[in-house]
Amino acid sequence: MKNENKKQNVKIKEVRFLEADSDHIDHNSEKDGVDRRGFLKCMAWAGTGMLWTVSGGVLGSRMLSPISAGAAETPMGDFNFVQISDSHIGFNKPANTDVAGTLKQAIAKINALPVAPDFILHTGDLSHLSEPSEFDTLDQLLKTTKAGQVFYVPGEHDVISDNGKEFRARYGKGTKGSGWFSFDQRGIHFIGLVNVMNIAEGGLGILGEDQLAWLKDDVSGLSNSTPIVVFAHVPLWSIYPQWGWGTQDAERALGYLRRFGSVTVLNGHIHQTFKKVEGNITFHTATSTAFPQPKPGAAPKPGPMKVAPEILPTVLGITEVNYVESSHSLAIVDAKLG
């Protein structure tokens, strides 16, 4: 794929991370005076989850024990949905030789929820090589969920062999451009974005002019009080640009959303859980159902990370989101598979 990153005048805020449970930003290249605790608080890399309550852009959170995560302590709202990401069906290397099996475990978690989710958001890399047989397997597995519907955005692995033709034929009906779309549910406006087209391996995600113009128009008629949920594959904040863990034109997209009182951004791609709060926008990256990746900068490059078989289920997971319409709050729970 063509790498246009070097030709762009991209302003990137670089963040170097210390320990996973630290509130400290070791280096902020912008030197913009952003409060370090308010700007970024790392969640556990995997394992224990965290419950979020977002109301009017103000975030409250507490760590969840393995017992409480996704269990009786999870608040139920007027409706709820689940995010899964990075299933990588077709992957078969030492990091996980049975990605279909771990996806089945994730589906079992979903089906065991006290209330069946209204729908599932899959934030990309459904497949590993965008082969029809891989999508077939994923489809058959997800048919066993109790969720009413599944919405998809592609990851770079879903467009790798044919520029996304197979993905769009299966999951892109009614979408715009390379697969972006929006819908409304119980007063929340959901926006599915595509930021994996025309990027080089390890390059930053790209939204592009056509999609940005569509996004601006899509939200133009919404009131400021409308809760917004955005979901895309590559994070819309610069977690680690050196590994392509960010989107080069994300700031333009976020500029169209800053007037809204509550914005939640859900991403995958990095196979580990992080959160960031910036004003009224809460960012959340999900774990994979397939394999973990190393911490930013902890390895020469990103990629599948092998862990002991008994550890693997603890670094994979799903994300459950509950919405209470009367208070416009989102409660987000990360649950590990094991």
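Helix H2 covers residues 99-111, 13 residues in total, and reaches 18 Å from its first C-alpha to its last. That is close to the 18 Å expected at 1.5 Å a residue; the expected span is 1.5 Å times one less than the number of residues. Helices here are DSSP runs of H or I with at least four residues, strands are E runs of at least two, and both are numbered from the N terminus. In H2, the buried residues are Val-99, Gly-101, Thr-102, Leu-103, Ala-106, Ile-107 and Ile-110. Buried means under 20% relative accessible area, exposed means over 50%, and partly exposed lies in between (1.4 Å probe, protein chains only).

This is a predicted model, where local features need pLDDT of at least 70, side-chain atom pairs count only at pLDDT 80 or more, and totals for chains, interfaces and linings use all residues. Residues are numbered from 1 along each chain as its sequence is written, and side-chain values use heavy atoms, with hydrogens and water left out.

Now the whole chain. The protein chain has 6 helices and 16 strands. Of its 338 residues, 57% are buried. Its accessible surface is about 13800 Å², and carbon and sulfur atoms account for 51% of that. These areas come from the Shrake-Rupley method with a 1.4 Å probe; for residues, only the protein chains shown count as cover. Contact means heavy atoms within 4.5 Å. Among contacts between residues at least 6 apart in sequence, 71% join residues at least 24 apart.

Next, the interior. In soluble globular proteins, nonpolar side chains tend to be buried together. A nonpolar core is a set of buried Ala, Val, Leu, Ile, Met, Phe, Trp, Tyr and Cys residues joined through side-chain atoms within 4.5 Å. The largest one holds 33 residues, and Ile-191, Leu-193, Val-230 and Leu-257 touch the most other members. Elements that give this core two or more residues are helices H5 (209-220) and H6 (250-255) and strands S11 (228-231), S12 (263-267) and S14 (281-285). H5 gives the largest share, 4 residues. Apart from this core lies another, of 24 residues, including Leu-103, Ile-120, Leu-142 and Ala-147. Back in the largest core, take Ile-191. Leaving out residues up to four places away in sequence, Ile-191 touches a set that includes Phe-181, Trp-214, Leu-215, Val-219, Val-230 and Leu-257.

Strand S13 deserves a walk along its length. Of its 5 residues, 5 are buried. Phe-274, Lys-276 and Glu-278 point one way, while Lys-275 and Val-277 point the other way. Lys-276 lies in this strand, which spans residues 274-278. Lys-276 counts as buried because its relative accessibility is 7%. Its side chain makes a polar contact with the side chain of Glu-278 at 3.2 Å. A polar contact is a pair of N or O atoms within 3.5 Å; within protein, one must be able to donate a hydrogen and the other to accept it, and residues adjacent in sequence count only if both atoms are side-chain atoms.

S13 pairs with S14 in the antiparallel sense over 5 bridges. Two strands pair if DSSP finds at least two bridges between them. The bridge partner of Lys-276 in S14 is Phe-283. The hairpin of S13 and S14 has 2 residues between the strands, and Gly-279 there takes a positive phi near 65°. Val-277, also in S13, is buried at 18% relative accessibility.
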